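Me: I'm new to this one and would like a close look at a single part of it. Could you walk me through what surrounds that spot, and then through the pockets?

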Amino acid sequence: NLELSFNPQWGFLMGYGTGLAYQTYTFQFKRILSGEWLLPYFAVGVSRWYTSGAPRGPISKLQPAFLEEKFLTSTEKQSGDFSKFLFYPAFGLQFVQLEGEWAGFSLFAELVMLLDIAEFEYSPTGTMGMLYYF
């Protein structure tokens, strides 16, 4: 992920990730609600979850398993070929180290509601991570 902060309250994140059988990219707007070093925030974003390249054959297991169960049809599981656009709101809490040797490091945890608008499916999930600000 790369986060660009417009001001102390608003930021824009872009990210790319991959799994053994898929790729994903995301764009997200983030709004810090309050705080100085402990920051509750709200975010909204869109992500594309997809396979590409040569046919992969049937999907036997994806991690996390709820993605496969909630968002893929039996045809997509059988072919191994899919492309999903997911919209999501998120609420998180972020700790930012402001001083000292670890200044710039940040830990976060967030609750996310993934929504596949085309199929009218949704699934709650979460994420945790570390960021470094410079």
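Reply: A polar atom of the threonine 51 side chain lies 3.3 Å from the backbone oxygen of glycine 80. That's in a predicted model, by the way. The side chain of threonine 51 also makes a polar contact of 3.2 Å with the side chain of aspartate 81. As for where to look, threonine 51 sits in the loop between E4 and H1. Is threonine 51 buried or exposed? Its relative accessibility is 8%, and buried means under 20%, so threonine 51 counts as buried.

Strand E4 (38-50) and helix H1 (65-71) each give at least two residues to the lining of the largest pocket. Strands E2 (10-18), E3 (23-32), E5 (83-96), E6 (105-116) and E7 (121-132) each do that too. This pocket holds about 820 Å³ of space. Its lining has 30 residues, and Thr24, Thr26, Ser47, Tyr88 and Thr127 are the ones nearest the centre. By type, the lining of the largest pocket splits into 15 nonpolar, 12 polar and three charged residues.

Then there's the second largest pocket, with about 270 Å³ of space. It's lined by 20 residues, and Ser5, Pro8, Ile32, Leu39 and Val96 lie closest to its centre. Strand E1 (2-5) supplies at least two residues of this lining, and so does each of E2, E3 and E5.

Conventions
Residues numbered from 1 in each chain as written. Predicted model: local features only at pLDDT ≥ 70, side-chain atom pairs only at ≥ 80, totals over all residues. Heavy atoms only, no water. 1 Å grid on protein atoms, 1.4 Å probe; cavity = no way out; pocket = protein on both sides within 12 Å on 5 of 7 lines; lining within 4 Å. Points joined across faces, edges and corners; volume = space filled by probe spheres on them. Helix = DSSP H or I, 4+ residues; strand = E, 2+ residues; numbered from the N terminus. Nonpolar A, V, L, I, M, F, W, Y, C, P; charged D, E, K, R; others polar. Buried < 20%, exposed > 50% of the residue type's maximum accessible area, 1.4 Å probe, protein only. Polar contact = N/O pair within 3.5 Å; in protein donor to acceptor, adjacent residues only side chain to side chain.
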